[in-house]
Amino acid sequence: MKFFTRNKLNALAFGELLLILFISLPVFPANYYVASNGSDSNNGLSSSSPWKTIAKVNSSMNTFNPGDQILFRKGDKFYGELKVTKSGIAGSSIIFGSYGSGVLPEITGIKSITGWTVHSGNIYKATVSDTVSQIYIGGKLMTIARYPNTGFLKIDAGNGNSGFYDAALNQSSGYFNGATCKVRTINWIYEKKTVSSFSGGNITFSSSSINPILPDYGYYLDNKLSLLDTEGEWFYDKAAGRLYFYAPGGVNPGTLNVEAVTKLNGFNMNINVANITIQDLKISGYRESGVDGYTGNNYTVQRCDISRIERYGIRLNGINNNIYDNIINDVLNTAITGVFTQGEISGNSINRTGLVAGYGEDGYGYYGMLIWNAQGTIIQNNTIDSTGYAGISISTSAIVRKNVISFSLLTLNDGGAISVGTSNGLEISDNIINNSIGNTESSANPVSYASGIYVNESVLNNTSILRNTVYACRFVGIIIDMKYPSSNNVIRNNLLYNNFAEQIRFSDWSSTVFVPAYNTIVKGNIFYSLQATQICMKHIMFRNSEFTDYGFFDSNYYCNPYSEYVINRTMVYGTFSTNNYNLSYWKSNFNEDQNSKSSLVSFSQYGVTDTLSSNLVINSKFTNNINNWTTYPSGSYITHINNHPLLDSGCMKIRWDGTGGGNESFTMSNDMSITRGNYYLLSFSCAGDQNGTFSVWGMGAGIPFFPRFFPKNYFSYSNVRKNYSIVTKADTTDNTAARLSFDLILPDSMFYLDNVNYYRVTVSKIDSSLKSKLFVNDTNVPKIYSLNGISYKDLDGNPVTGSITLPQYSSRVLVNDNSDLYQTLNFTALVQGLYDPVSNTTVQDTFRLYLRNNYSPYSIVDSAKSVIGTNGSSYFYFKKALNGVSYYIDIKHRNSIETWSSNAILFSDNTSNYNMSSSVSQAYGNNLILEGSKYCIYSGDINKDNIIDGGDNSIVDNDAFNSLTGYVLSDVTGDLITDASDISIVSNNADLDIVRITP
């Protein structure tokens with residue numbers, strides 16, 4: 001045993017006391033500064049002695065303590081990857097941020113490439129030791145060398161998951177070996193497969209594809225030097241460390257700033273690193289992620305500008321991770337992804353994600369947000385614009401509210417702006433969703449399946465879909481694809497407007513078993529259709545011949561001013577059948593929606609301006625017989641009736657007993673000649689002994705596989721006379737055997753028909769969106785909307801005038817049932833910067849036209865706004881213009897010179913036409929420029945002072961210097977980037993002294 005003397009004990013106690021005091025002393029957070037004019041030999045502890053490089057920050061990581069801030073000087077650029085290996089503690093994170101004034105400091109993985117020499121012809125090469133994944137010129141993405149140079153080839157025959165055959169590939173054996181095949185294997189997936197062998201049109205992959213390869217899907221081949229043959233293409237030979245590039249214009253790339261993405265991640269947090277904040281930084285140009293925290297808790301990324309990332313803008317997995325108020329642009333795959341528990345994603349602006357086919361994820365990708373598991377997470381107040389696939393993909397128990405999601409599914413198809421996975425306790429509320437498009441270019445299926453909110457292949461329990469506005473989606477507003485054992489879900493107070501197929505659909509496609517009832521509550525919704533063929537609600541069955549009770553429906557509005565048939569039930573299981581119902585039939589026969597309402601108004605989609613033919617129907621009044629009318633099948637009967645108490649003298653009785661084959665009967669008129677594109681006015685009278693339904697459509701030659709020259713329209717009959725009138729547009733030409741067909745399905749088996757008239761007419765299209773006006777507030781504050789002197793009614797028929805106030809993230813439909821007819825101007829114009837004379841197409845953009853008197857002082861009479869299509873044409877609708885009065889057209893566009901028509905126009909029969917691009921003399925003072933074979937409006941009046949000069953030049957120069965992107969005034973070429981191409985156009989026009997020329 002060892003013994004201590006008193007002196008030794010005293011000395012030991014004193015030493016221990018010093019140690020305790022040292023340990024208990026507080027460690028004060030430090031600020032570390034990094035600037036491009038600093039030095040890594042500095043201590044970094046003040047802005048006057050900053051470090052210089054990211055490498056120094058990484059090497060000092062172990063010295064950082066909770067609460068420390070690593071601050072990068074604003075206006076500076078730093079190349080490299082931040083490798084975060086040190087954690088903060090709860091309540092005291094390590095912060096990576098900025099200091100000073102000016103633009104955000106940029107953390108970048110982009111390197112400028114120099115040292116170019118000629119490889120062959122216009123192809124140059126440079127030695128690059130770093131891995132290159134993408135290159136940019138002036139902020140514009142260049143193309144990996146590919147075949148074909150644009151578009152897609154189509155597969156002739158698949159070979160399982162190992163490859164395919166395409167007869168169009170006639171290159172020599174082995175030509176494509178080693179290339180990457182970017183192939184669409186299903187509506188919602190592109191895959192990237194390396195070609196192991198090629199011979200005789202057969203492509204074989206080095207590894208199996210996720211999905212079997214099927215005919216008619218699209219593909220292209222890239223990433224091989226032999227495919228490098230056109231401007232803007234490049235190839236990187238990793239083994240040789242050599243970059244090849246065919247620069248725009250075929251110039252030496254050394255005369256350009258060639259920016260190559262070379263680094264992996266902007267910020268890479270080591271596994272289990274926690275309590276890190278990244279804020280107020282610009283992060284650009286990385287192969288993997290802008291910010292990557294694969295596993296860790298308590299991360300915050302806020303107020304950052306993240307762009308030009310190849311895979312993920314931000315990827316975080318963990319608890320209490322938060323993403324606030326960032327701008328995330330031009331990510332090639334997905335802007336935000338991860339597994340979130342008790343986190344928040346709010347206030348972010350996400351633009352242009354996953355828009356290059358084949359450049360996103362190999363498999364599932366191209367999202368605005370792909371959140372794999374979101375327990376207790378809030379996703380709110382985000383704006384997501386232009387995504388390749390879904391704007392938000394979500395599951396579990398998140399709250400998704402007050403987001404604005406526009407233009408989803410621009411690269412892929414079959415999904416929704418909000419796509420929902422298996423969830424329990426999920427809330428989707430107060431979101432504004434519009435224009436889900438659905439890209440079918442490389443798909444074997446030509447139909448757009450792009451919806452607003454899409455619940456697919458998911459078990460959905462205790463989930464609420466509340467107060468959302470969904471409009472102008474190419475397929476369905478909300479799809480609820482039920483899967484056993486989904487239950488206890490609520491769909492309430494949503495407004496679904498002008499979604500092209502249906503406003504809401506219930507389906508059992510994803511269920512493996514038949515479920516008698518799902519108990520969904522569907523109440524207080526507005527389902528508003530704007531075409532006669534649009535359905536408000538559809539129930540469809542795939543798993544049983546008996547219909548599922550999808551839920552309890554009540555207090556909804558089923559509004560279609562163009563058809564009373566607003567509800568559809570379709571049976572796909574077994575023998576296919578489909579039935580359309582009006583609301584009264586739905587109530588009485590299915591005991592649903594007892595307190596629901598339908599449209600109070602009925603509109604026509606066309607105003608007839610002239611009649612161009614005699615009645616095309618022979619024996620239209622059935623005065624003495626039913627000659628020239630036939631029926632099919634054998635169980636269908638037509639009979640002449642001399643006197644019917646509700647109809648005129650003579651009518652035709654149509655009856656079907658259900659026999660003879662098929663699931664409906666056809667009663668057909670005489671043959672007639674119709675021409676594609678022409679308009680025809682159909683009118684008739686009908687009555688019945690009971691309530692029922694029939695349909696009318698245009699039948700071409702051949703039973704039973706007859707083409708349609710106009711689609712089915714549904715009508716009701718009852719024991720009162722009904723007079724119907726619709727305008728149809730012929731979709732095909734049939735010079736010999738076009739007929740009208742009046743159809744019955746059981747149990748609606750008998751009605752009476754009279755006064756059938758079918759005339760060729762000219763029409764003026766009435767804009768249905770003006771008659772049923774949607775007002776949307778997609779901001780986070782209440783907003784007042786002026787009604788511009790128009791008298792509206794609400795959906796209950798109450799008058800609404802003056803103005804309305806909408807709460808944040810809300811909408812409202814008002815009805816204009818005035819009988820006035822709008823004047824329609826079919827207008828064509830091209831803008832210099834937006835027009836491509838090679839493809840003869842233009843970037844679509846908004847124009848406002850003013851009609852002015854044709855005499856001094858040329859006062860404004862009316863104005864209208866519309867989006868010019870890719871061919872430069874659009875319709876503009878004017879309310880105050882008159883037939884037979886002359887008007888000048890004054891054309892205004894956001895960054896072009898104001899231009900007037902050289903001639904005053906006249907409206908005749910409520911229509912007029914004007915093509916500004918056909919001749920220089922179409923503009924007053926010949927104020928147009930020739931681009932290719934078309935005359936264009938001059939681009940470049942950025943500040944709208946009616947002259948293109950140095951002031952406009954200055955704006956564009958500054959914005960180009962700052963690499964400004966987005967829908968901004970200085971982007972005159974419409975490519976969403978202000979760069980040298982914009983400078984060139986504005987500078988040239990300034991030299992020409994281009995000014996506004998008016999009478």
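**Notebook: pockets, cores and strands**

I sorted the lining of the second largest pocket by class and got 19 nonpolar, 21 polar and five charged residues. The model I am working from is a predicted one.

I stayed with this pocket for a while. The second largest pocket has a volume of about 1100 Å³. I found that 45 residues line the pocket, with Tyr562, Ser604, Gln605, Tyr606 and Val727 nearest its centre. I then looked up which elements give two or more residues to this lining; among them are β61 (606-611), β69 (708-717), β72 (750-765) and β88 (911-915). The largest share of the lining, six residues, comes from β70.

Next I turned to the cores. The largest nonpolar core has 84 residues, and Phe96, Phe267 and Ile394 touch the most other members. A second, separate core has 37 residues, including Ile905, Tyr914, Ala923 and Ile942. I went back to Phe96 and listed what it touches, leaving out residues up to four places away in sequence. The list includes Val57, Met61, Leu82, Phe267 and Ile278, and also Thr277 and Gln279.

Then I picked Lys263. It sits in the loop between β23 (258-261) and β24 (265-269). Is Lys263 buried or exposed, or partly exposed? Its relative accessible area is 21%, and buried means under 20%, so I noted Lys263 as partly exposed. Leaving aside neighbours within four places in sequence, I found Lys263 in contact with Tyr79, Gly80, Glu81, Gly109, Asp130, Tyr286 and Arg287. I also checked Lys263 against Val838: they are 575 residues apart in sequence, and their C-alpha atoms are 36 Å apart in space.

My last entry is a hairpin. β82 (residues 845-853) and β83 (residues 860-868) pair in the antiparallel sense over eight bridges. I looked up Leu849 and found that its bridge partner in β83 is Ala864. Six residues lie between the two strands of this hairpin, and Tyr858 in the turn has a positive phi of about 55°.

Technical notes: Residues numbered from 1 in each chain as written. Predicted model: local features only at pLDDT ≥ 70, side-chain atom pairs only at ≥ 80, totals over all residues. Heavy atoms only, no water. Core = buried A, V, L, I, M, F, W, Y, C linked by side-chain atoms within 4.5 Å. Buried < 20%, exposed > 50% of the residue type's maximum accessible area, 1.4 Å probe, protein only. Contact = heavy atoms within 4.5 Å. Helix = DSSP H or I, 4+ residues; strand = E, 2+ residues; numbered from the N terminus. 1 Å grid on protein atoms, 1.4 Å probe; cavity = no way out; pocket = protein on both sides within 12 Å on 5 of 7 lines; lining within 4 Å. Points joined across faces, edges and corners; volume = space filled by probe spheres on them. Nonpolar A, V, L, I, M, F, W, Y, C, P; charged D, E, K, R; others polar. Pairing = 2+ DSSP bridges.
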